[in-house]
Amino acid sequence: MKNTRLLAIDSATEYCSVAYTDGTRLISRGQEAPRKHADLLLPYVQEVLQDAGVTLADIDAIVVGHGPGSFTGVRIAAGIAQGLAFSQQIPVIGISSLAAMAQQTLRLHGAKAAAVAIDARMGEVYFGTYVAENGLMLQLGSGQENEIVCTPSVVPQLSAEHEWHTAGTGFVTYAEALPERLTGAENGENNVKLVASKVRFPHAEDMLTLGLHAFLHGQGVMAEEFDVRYVRNEVTWQKLPGRE
């Protein structure tokens, strides 16, 4: 029985990436390139498949970053993923941008818990918290509602039960406000330990890890049934000059 072959595509943030795995090899491409996602993704797909020595017909499922993030970027990746999947009649698996960054903290830093915040513009962040379980970063609690968009002043305070690796551009833009809120320092408390990670953007490589688990548990959908998850249905980055 052959190993599962997955192709992952993401352009939900300023960083766009493509990655492939067959369980033994990992091949990827990616770069931070705002406003160039539409030009880069398909060539990346072709390069990755060529380096892997496979064709699209060999792929078992397409994994894609379904948001939250840039309204336009999420749609670009979703459109390409749906088109590729539809052509082969294979499933599409949507992976959270926030969860992918949490998974990256586990891969790079061995994190056991992660607080992830993407700068959502307009004074807000996309925010989620994750804990490691059997090699996967999983959302705390249950349901997709644990990924929210809000101002830094109202993000949920973290539990002192974990040491939290922080990830995402939200912690760059709100370098003081977010840690103060998350640790309770604004209220004179500070029992929560935060560890800054190198992670700023999601990467398709980490979506493969989460995507394989989802695929093996039958969580993929056919291309025509796939939908993105904006968290809020607003264009945010386009409201600022020079941003995607």
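Where does Pro68 lie? Pro68 sits in the loop that runs between strand 4 (61-65) and helix 2 (71-88). A few notes on the rest follow.

1. Ground rules. This is a predicted model, in which local features need pLDDT of at least 70 and side-chain atom pairs count only at pLDDT 80 or more, while totals for chains, interfaces and linings use all residues. Numbering runs from 1 along each chain as its sequence is written, and side-chain values use heavy atoms, with hydrogens and water left out.

2. Overall fold. I count six helices and eleven strands in the chain (DSSP runs numbered from the N terminus: helices are H or I, at least four residues, and strands are E, at least two). The radius of gyration is 18 Å, close to the 18 Å from the globule rule for 244 residues, so the chain is as compact as a globular protein of that length (taken over C-alpha atoms; the rule is 2.2 Å times the number of residues to the power 0.38). Along the principal axes, the C-alpha atoms fill a box of roughly 60 × 40 × 30 Å.

3. Of the 244 residues in the chain, 52% are buried (under 20% relative accessible area; exposed is over 50%, partly exposed in between, with a 1.4 Å probe and protein chains only). Among contacts with a separation of 6 or more, 72% come from residues 24 or more positions apart (contact means heavy atoms within 4.5 Å).

4. Arg121 is a non-glycine residue with phi near 65°; it is found in strand 6 (residues 113-121). Arg121 counts as buried because its relative accessibility is 12%. Asn134, also not a glycine, has a positive phi of about 55°, and is found in the loop between strand 7 (124-133) and strand 8 (136-139). With a relative accessible area of 77%, Asn134 is exposed.

5. Cysteines. There are zero disulfides in the structure (a disulfide being a pair of cysteine sulfur atoms within 2.5 Å). Cys16 is buried, at 0% relative accessibility, and Cys150 counts as buried at 9%.

6. Charges. The chain carries 18 positive and 27 negative side chains, and the centres of the two sets are 5 Å apart. Lys and Arg count as positive, Asp and Glu as negative, with His and the chain ends not counted; each charge is placed at NZ of Lys, CZ of Arg, CG of Asp or CD of Glu.
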